[in-house]
Amino acid sequence: MAILAMKRVSIYGLKADSKPILEKIQRAGVVEIQDFVEEDEVFKKVKMPISASEFERNIRDAEAALEILNSYKEEKSGLLSSFKGRDVIEEKDYDTFYKKLAEAKKFVNRILELSRDINEKNGEIIRASQQLDMLVPWESFDMALNSTGTEKTAIFIGALPGEQNLEAIAAGFPEDLLVDVEIISKDKNQTCIMAVALKEDKEQVSSALRAMGFAYPALVVPYTPIEYKERLLAEIERYKEEIAKEEEEILSYNDKRPVIKFMADYQSIRAEKYEVASSLPQSDHAFVLSGYIPEINIKDLEQTLEPYSVIIETEDVGEKEDSPVALKNNAFSSSVQGVVESYALPTKGEIDPSFLISLFYFVFFGFMLSDAAIGILIFVGAGILLLKNKNMEHGLRNNVKLFMCGGLSAIFFGVLFGSYFGDFFQTVSSFFFGKPLVIKPLWLDMATNPMTALTLALIMGIIHIFTGLGANGFQLLKRKKVADFIFDVVVWYVVIGGLLVKCLSMQMIMDILAGGATPPFSAEVGNIGLYATAAGAVVVLFMGGRSSKNWGKRLLKGAYALYGITGYLSDVLSYSRLLALGLATGVISSVANMIGTMFGKGFAGIVIFILVFLIINAVNIGINTLGAYVHTNRLQYVEFFGRFYEGGGRPFEPYSIKTKYYKFKEK
Amino acid sequence: MIEFLHANMGTVLSLLGAALAASLAGVGSARGVGLAGEAAAGVVGEDPTKFGKVMVLQLLPGTQGIYGLIIAFITLSQTGILGGDANISIAKGLIYLCACLPIAIAGYFSAIAQGKAAAASIGVVAKKPDQFGKAMIFPIMVETYAILALLVSILAINGAANVAF
């Protein structure tokens with residue numbers, strides 16, 4: 001339950017052992033590499049012979065091959081597969097996998113090659129179909145398209161712009177020229193013609209045609225259009241067959257996915273190892289690796305590296321050093337660790353707030369949901385997810401755990417306030433069976449008694465805020481800032497505490513918040529509270545700005561500090577959301593129950609009831625669970641952290657095995 | 001006519017309150033969610049894997065509509081318009097109408113403002129997905145005021161039930 005103590009570590013080893021040593025350290029995953037050792041005459045950084053880009057290319061190829069496989073056959077993935085986590089492989093599997101690596105590379109290359117080939121052939125098919133389109137106007141022509149003439153004649157095959165008739169074309173030639181023009185086809189864009197003339201008139205005919213805008217066809221082939229069309233169709237057919245064959249081959253590699261995935265993982269492990277290796281200062285025979293290590297992991301690392309001749313030196317981290325932060329909490333508190341991490345990691349001198357948060361988190365979460373039936377659904381759902389997915393990733397597992405505990409708490413508050421899908425049992429029993437079955441709330445019904453529930457919410461808020469203030473005091477004492485502890489923490493306890501005592505002695509407050517109960521404190525005690533508040537306020541006025549030497553400035557700053565009392569007031573009121581959101585869940589469910597019972601008791605009525613019940617409650621669970629989650633987070637981040645926590649620590653990023661598809665079994 | 005009004009005006013007024021609560025807060029939420037949705041769709045177009053995160057942010061301004069529904073529902077059932085016989089005096093009807101106003105007005109404006117904040121937070125997630133936790137807080141800050149209005153509406157309606165007119 002805390003921030004892990006970090007140490008600086010330097011590991012000296014023989015270059016001959018560097019490979020296995022680096023591998024062991026990577027597997028252990030407990031050292032964050034940092035260059036503490038300066039380069040000098042003896043220890044220098046050396047570039048490694050194999051560059052990282054080769055690994056990266058391999059990773060890219062493997063990913064691309066998987067992508068291609070996916071495009072032909074989607075990997076089966078259920079609705080809940082994102083909870084599944086990566087498959088675990090053990091060390092001995094890792095070694096046998098390693099032997100299959102060359103094979104994997106072969107598969108990858110073959111898949112990429114096939115895919116490239118298929119792309120090319122698809123391009124060819126498109127080209128052929130375009131030619132087919134171009135052939136359409138020539139289909140009735142029965143000579144080879146590249147015919148230029150016979151021994152005595154010249155033949156011109158081509159198109160004139162626009163739709164033209166024979167007379168118009170004939171008019172385009174000089175009168176004494178002997179030309180026979182045949183129109184093969186025409187549409188409004190072009191007129192396809194064949195012109196035959198004597199060979200000696202070739203030039204004249206050619207220039208006359210040019211003047212009319214004559215253009216040779218794009219397809220000049222030694223076949224008649226019909227022949228050529230058949231050839232093209234056969235070509236397309238052949239390509240299609242070949243593509244089908246190649247696709248089949250790609251599909252036959254579908255069961256090779258595991259090896260290919262392993263290849264990607266293996267290469268990324270090696271890429272990181274080589275990156276580290278090339279960053280290490282080395283002498284002729286030795287190397288040194290330096291970085292940060294959590295103190296609790298030192299023993300393990302020493303044991304792992306026992307077989308090699310290494311020297312492991314550790315030293316304390318300097319006072320002002322920017323060392324990385326890692327958190328470790330018990331099973332219960334670790335479920336809210338993600339909440340802390342998504343705000344900010346603690347910095348030096350701050351406490352890890354995970355434990356404190358876990359004390360309040362589920363209370364608030366449950367209060368905001370406060371429906372026993374919905375709580376059971378969430379609790380059971382999250383529990384099943386956890387049981388069924390043993391390999392769930394760490395962060396996700398914590399989050400699911402968070403919802404499971406939140407569900408449990410919602411059951412508790414649901415029983416307390418008597419809400420089971422709102423008034424489900426009451427409505428159903430009285431409507432369908434004519435006899436109301438009322439499950440009495442253990443404490444009170446929030447809807448008919450909102451003020452009392454509001455009071456409870458505000459009291460929770462006061463406890464939460466006071467705890468935050470206490471945490472601030474603890475941190476200040478740890479840093480030996482006694483003056484700050486007294487003037488920023490103790491005095492505020494007095495100011496707010498006194499105010500609370502005064503409030504609790506006033507009948508008016510009790511009338512509003514506690515249904516007119518007699519105040520627990522007499523007027524005299526209340527006045528003592530008020531005096532305490534006044535005294536505290538004076539202290540804040542004079543000491544709140546104690547960092548300024550100038551008294552005028554100091555008093556102004558003190559006055560501003562005193563103004564902070566409004567912050568306490570608004571912070572406490574902010575906890576009224578506990579009641580509002582808690583009411584919302586039950587009321588929406590009750591709306592479903594009421595709408596459902598509007599359609600009678602017949603068969604159709606029951607069907608409609610079930611439909612309405614399912615739809616509205618599904619939306620209800622979604623929205624209110626989300627609401628409970630985000631608003632609980634807000635109460636922690638704003639109201640609670642605002643009192644003591646800033647964060648901003650750098651996360652611990654160890655040199656470790658970072659894989660995408662497989663997880664290596666942790667010892 | 002006068003007699004009819006006298007007999008039913010209270011019911012009409014409470015119904016007007018419920019209608020305002022549900023519709024104004026609902027329209028506000030629709031606008032807020034729509035605004036955030038436009039931003040969310042843009043992000044998902046670039047990177048579909050962010051769908052889960054941006055959807056959560058898009059949903060945040062949707063709660064005002066639900067608060068409006070809650071108030072409308074409580075009003076309808078307390079006045080007996082839903083499942084009972086509605087017999088409300090004009091004064092009591094006015095009380096219910098007033099009790100509905102906080103969530104109607106604050107719900108409308110806060111949902112739109114929250115939608116804008118949510119759209120901006122979606123921008124944060126687009127650039128830095130790991131800052132989701134912080135991005136979520138900005139729209140939630142706005143929602144506080146809708147919750148306070150909801151609370152006042154709930155307390156006022158509850159108080160109205162005990163007023164003898």
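1. B:Leu5 sits in helix α1 of chain B, where helices (H or I, at least four residues) and strands (E, at least two) are DSSP runs numbered from the N terminus. With 11 C-beta neighbours inside 10 Å, B:Leu5 counts as exposed. The terms work like this: a residue is buried if 20 or more other C-beta atoms lie within 10 Å of its own, exposed if 12 or fewer, and partly exposed in between, with C-beta atoms placed from the backbone. B:Leu5 and B:Ala25 are 20 residues apart in sequence and 28 Å apart in space, C-alpha to C-alpha.

2. A word on conventions before going further. This is a predicted model, in which local features need pLDDT of at least 70 and side-chain atom pairs count only at pLDDT 80 or more, while totals for chains, interfaces and linings use all residues. Residues are numbered from 1 along each chain as its sequence is written, and chains are lettered from A and ligands numbered from 1 in the order in which they are written.

3. Staying with chain B, have a look at B:Ser110 in helix α4. This serine has 27 C-beta neighbours inside 10 Å and therefore counts as buried. Setting aside neighbours within four places in sequence, B:Ser110 is in contact with B:Gln64, B:Val142, B:Glu143, B:Tyr145 and B:Ala146; contact here asks that the C-beta atoms of two residues, placed from the backbone, lie within 7 Å. From B:Ser110 to B:Ile147 the C-alpha separation is 9.9 Å, for 37 residues in sequence.

4. Helix α2 of chain B (residues 51-59) has B:Lys53, B:Val54, B:Val56, B:Leu57, B:Gln58 and B:Leu59 buried. Their cover includes α22 of chain A, together with α1 (2-46), α4 (90-127) and α5 (132-162) of chain B.

5. That brings us to the contact between the chains, which takes 24 residues from chain A and 25 residues from chain B. On the chain A side, α10 (337-343), α15 (450-478), α21 (577-596) and α22 (603-644) each supply at least two residues. By class, this side has 16 nonpolar, 6 polar and 2 charged residues. For the classes, Ala, Val, Leu, Ile, Met, Phe, Trp, Tyr, Cys and Pro count as nonpolar, Asp, Glu, Lys and Arg as charged, and the others, Gly among them, as polar.

6. Buried in α2(A) are A:Phe55, A:Asn58, A:Ala62, A:Ala65, A:Leu66 and A:Leu69. They cover an arc of only 95 degrees around the axis, so they fall on the same side of α2(A); the arc is that of the directions from the helix axis to the C-beta atoms. These buried residues pack against α4 (101-135), α7 (225-252) and α8 (257-277) of chain A. The face turned away from them carries the exposed residues A:Ser53, A:Arg57, A:Arg60, A:Glu67, A:Asn70 and A:Ser71.

7. Helix α8(A) also packs with α1 (residues 18-28) of chain A, at an angle of about 115 degrees and with the axes 11 Å apart. The contact involves A:Ser18, A:Leu22, A:Glu23 and A:Gln26 of α1(A) and A:Lys273, A:Val276 and A:Ala277 of α8(A). Its make-up by class is 3 nonpolar, 2 polar and 2 charged residues. Axes are lines fitted to C-alpha atoms, for helices over the stretch in contact, and angles run from 0 to 180 degrees between N-to-C directions.

8. Most residues other than glycine have a negative phi. A:Ser370, however, has a phi near 35 degrees, and is found in the loop between α11 (354-369) and α12 (372-388) of chain A. A:Phe421 has a phi near 45 degrees, in the loop between α13 (394-417) and α14 (424-432) of chain A. A:Ser370 counts as buried with 32 C-beta neighbours inside 10 Å, and A:Phe421 counts as buried with 26.

9. Lastly, A:Gly648 lies in the loop between α22 and β13 (662-664) of chain A and counts as exposed, with 11 C-beta neighbours inside 10 Å. A:Gly648 and A:Leu345 are 303 residues apart in sequence but 5.6 Å apart in space, C-alpha to C-alpha. Neighbours within four places aside, A:Gly648 is in contact with A:Ala344 and A:Thr347.
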